[in-house]
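Subject: Structure handover

Hello,

Here is the structure we talked about handing over. Please open it alongside this note.

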Amino acid sequence: MMRELDAEKEALVARLQKEYPLLGRIASLNTYLSHYSADSGRYANPLEHYVDTYFRFVDFTDPGYNELSWTYEAGRSFTNNLVRQFDGPALARIVLDQTDRWPAGSRARFLARSGALAALLPAKHPATAAVADRLVEEYATIYPGPTAVLQRQSDALRSFIVGATAPDFTGLTPDGDSLRLASLRGQYVLLDFWASWCGPCRRENPNVVRMYKKYKAQGFEILGVSLDDRRERWLQAIEADELGWLHVSDLKGWRSDFAQLYGVTSIPQTVLLNPDGKIVARNLRGAELERKLQEILGAR
């Protein structure tokens with residue numbers, strides 16, 4: 001019965017493509033045949049069949065897909081069904097291979113790949129960074145506005161992926177000097193997002209001070225990133241709590257560029273980086289922070 005239904009769908013798509021090209025394109029992006037119609041033994045499982053045949057009716061040389069919103073929706077639908085099935089490298093490879101079937105630099109490829117990112121971003125899937133990087137690399141000069149937005153979104157997501165390189169930034173210190181995060185490579189670095197007005201942050205500070213004194217000589221550094229908007233309160237809190245590590249702030253409060261870059265929506269919040277600038281852990285505080293530092297630095 002499934003094979004009979006698939007045959008009817010295939011015939012209908014062919015007719016629409018011939019007699020009503022616009023409807024034919026839409027149908028081609030929304031018609032998927034069941035694995036029951038596949039050649040016996042060709043696919044190991046329905047998932048493999050899905051990946052290989054989802055776009056089987058699409059004519060990738062047809063420029064009509066460049067102006068079709070369904071090209072975007074098809075990329076999103078295709079990817080959304082795979083986000084829980086594959087890890088980062090595997091899904092990135094699948095998405096890129098399938099969307100690469102549209103011509104390089106075409107609007108259709110941009111739409112399909114953007115649709116895929118629309119499925120990956122909310123899921124915080126590890127494949128997001130690789131797909132976004134390829135899209136930005138290819139389309140930054142063609143569509144600068146949309147690619148800039150996608151770059152910011154994917155950069156924020158990277159900060160949630162253990163093993164990913166932490167997004168770099170440069171901020172002003174209390175002395176007015178510029179400090180770049182990448183300049184701290186070679187040490188374990190704790191990014192500590194806090195503010196003078198944040199009660200939980202201030203209560204956590206004595207524990208962080210204790211950890212800093214204990215492990216500073218063993219290659220441990222802290223970069224406090226303040227979400228203050230008043231310079232004097234920021235400096236007073238640093239002095240009062242005896243926070244003897246590095247500090248930066250753009251004094252924009254919750255609109256802080258650094259907080260947005262790291263997807264910070266509540267504080268205190270921390271991100272621990274290894275000497276290569278890669279993310280080791282996120283949101284460690286109290287006993288959890290102490291255990292992690294003991295694990296990585298205690299034997300030094």
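Below is what was found in it, by topic.

**Ground rules**

This is a predicted model: local features need pLDDT of at least 70, side-chain atom pairs count only at pLDDT 80 or more, and totals for chains, interfaces and linings use all residues. Residues are numbered from 1 along each chain as its sequence is written, and side-chain values use heavy atoms, with hydrogens and water left out.

**Salt bridges**

The whole structure holds 18 salt bridges. The term means a side-chain nitrogen of Lys or Arg within 4 Å of a carboxyl oxygen of Asp or Glu.

One of them pairs R113 with D100, at 2.6 Å from N to O. R113 sits in helix α6 (residues 107-123) and D100 in the loop between α5 (88-99) and α6, so this contact ties together parts 13 residues apart in sequence. Helices (H or I, at least four residues) and strands (E, at least two) are DSSP runs, numbered from the N terminus. R113 is buried, at 0% relative accessible area. D100 is partly exposed, at 27%. Here buried means under 20% relative accessible area, exposed over 50%, and partly exposed in between (1.4 Å probe, protein chains only). Both residues also belong to a network of salt bridges that links D100, R109, R113, R134 and E138.

A further salt bridge joins R210 to E290, at 3.0 Å from N to O. This one links distant parts of the chain: R210 is in helix α9 (residues 199-215), E290 is in helix α12 (residues 286-297), and they are 80 residues apart. R210 is partly exposed, with 40% relative accessible area. E290 is also partly exposed, at 24%.

K252 and D257 form another salt bridge, with their closest N and O atoms 2.9 Å apart. D257 is partly exposed at 40% relative accessibility. K252 is partly exposed at 34%.

**The largest pocket**

D257 turns up again here. The lining of the largest pocket consists of R152, D155, A156, D257, Q260 and L261. Helices α8 (144-158) and α11 (257-261) are the elements that give two or more residues to this lining. The pocket has a volume of about 150 Å³.

The terms need their cut-offs. On a 1 Å grid over the protein atoms alone, a cavity is a set of points where a 1.4 Å probe fits but cannot get out; a pocket is an open set with protein on both sides within 12 Å along at least five of seven lines; lining residues have an atom within 4 Å of a point. Grid points are joined across faces, edges and corners, and a volume is the space filled by probe spheres set on the points.

Where does the largest pocket lie? Domain 1 (1-159) and domain 2 (170-298) both give residues to its lining, so it lies between them. The domain bounds come from an automatic or database domain assignment. By class, the lining has two nonpolar, one polar and three charged residues. Ala, Val, Leu, Ile, Met, Phe, Trp, Tyr, Cys and Pro count as nonpolar, Asp, Glu, Lys and Arg as charged, and the others, Gly among them, as polar.

**Strand β3**

Strand β3 (residues 188-194) is mostly covered, with seven of its seven residues buried. That holds for both faces: Y188, L190, D192 and W194 are buried on one side, and V189, L191 and F193 on the other. β3 runs parallel to strand β4 (residues 220-226), and seven bridges join the two. Two strands pair if DSSP finds at least two bridges between them. Across this pairing, W194 stands opposite S226 in β4.

**Cavities**

The search finds two cavities of 30 Å³ or more.

L190, D192, E204, V208, P268, T270, L284, R285 and L289 line it. Five of the lining residues are nonpolar, one is polar and three are charged.

**One last residue**

A129 lies in helix α7 (residues 128-139). A129 is buried, at 14% relative accessibility. Its C-alpha atom is 9.3 Å from that of L117, 12 residues away along the chain.

Best wishes
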